[in-house]
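Keep the sequence and the coordinates side by side.

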Amino acid sequence: MKTKYWILLFSALAAACLLCSYFLLFGGTAAATATVRSDGVTVMTLDLSEDGEYRVESDCGVNVLRVADGKVSVVSADCPTQDCVRHGPANSGAPIVCLPNRLVVTFSDSTEYDAIIR
């Protein structure tokens with residue numbers, strides 16, 4: 001009886017983990033735009049439907065962003081850690097952050113509303 005209990009418990013736990021992994025990997029909706037902030041100031045808003053390469057310069061450093069296939073990525077940065085470059089292309093979820101250069105790329109959908117006034 002105990003063996004069947006443990007097999008059932010393990011199977012249920014494995015199914016829950018697979019379900020959570022699926023939603024984390026494929027559950028997000030793609031954003032339409034990305035807002036680029038440097039040192040807390042909005043520098044530009046990128047339309048993710050238009051491919052291009054953009055250079056963001058500030059007193060803290062230089063980052064080069066690339067929009068391709070509806071996703072934005074940091075191609076190069078002059079920061080020492082290069083975490084933002086290793087982040088990879090994204091179009092939803094957690095923001096892309098370069099702490100040494102104080103660069104933050106956040107994602108938003110054009111259909112989202114901040115407030116509705118009646």
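Start with Asp-47, which is partly exposed because its relative accessibility is 32%. The cut-offs are as follows: buried means under 20% relative accessible area, exposed over 50%, and partly exposed in between, with a 1.4 Å probe and protein chains only. Asp-47 sits in strand β2, residues 41–47. Helices (H or I, at least four residues) and strands (E, at least two) are DSSP runs numbered from the N terminus.

A word on the basis of these values. The model is predicted, so local features need pLDDT of at least 70 and side-chain atom pairs count only at pLDDT 80 or more, while totals for chains, interfaces and linings use all residues. Residues are numbered from 1 along each chain as its sequence is written, and side-chain values use heavy atoms, with hydrogens and water left out.

Asp-47 belongs to a negative surface patch, together with Glu-50, Asp-51 and Asp-69. Patch members have over 30% relative accessible area and no salt bridge; like charges are joined within 9 Å, and nonpolar side chains (Val, Leu, Ile, Met, Phe, Trp, Tyr) within 5 Å. A salt bridge here is a side-chain nitrogen of Lys or Arg within 4 Å of a carboxyl oxygen of Asp or Glu. Lys and Arg count as positive, Asp and Glu as negative, and His and the chain ends are not counted. Each charge is placed at NZ of Lys, CZ of Arg, CG of Asp or CD of Glu.

Asp-69 counts as exposed because its relative accessibility is 73%. Its backbone deserves a look: phi is positive, about 55°, although Asp-69 is not a glycine. Arg-102 also has a positive phi, near 55°, and is likewise a residue other than glycine. Arg-102 is in the loop between β6 (96–98) and β7 (103–108). At 47% relative accessibility, Arg-102 counts as partly exposed.

Now take the chain as a whole. It has 2 helices and 7 strands. Along the sequence, they run α-β-β-β-β-β-α-β-β. Of the 118 residues, 26% count as buried. The accessible surface is about 8500 Å², and 59% of that belongs to carbon and sulfur atoms. Such areas come from the Shrake-Rupley method with a 1.4 Å probe; for residues, only the protein chains shown count as cover.

Helix α1, residues 2–26, holds Trp-6. With 55% relative accessibility, Trp-6 counts as exposed. Tyr-5, Trp-6 and Leu-9 make up a nonpolar surface patch, with about 370 Å² of accessible area together.

Which way does Val-74 fall, buried or exposed? Val-74 is buried, at 5% relative accessibility. It is placed in strand β5. Beyond its neighbours within four places in sequence, Val-74 is in contact (heavy atoms within 4.5 Å) with Asn-63, Val-64, Leu-65, Cys-84, Val-85 and Ile-96. From Val-74 to Arg-55, the C-alpha distance is 9.8 Å, across 19 residues of sequence. For the chain, 31% of contacts between residues at least 6 apart in sequence join residues at least 24 apart.

Finish at Pro-80, in the loop between β5 (71–77) and α2 (83–86). Pro-80 is exposed, with a relative accessible area of 75%. Its C-alpha atom is 7.9 Å from that of Pro-100, 20 residues apart along the chain.
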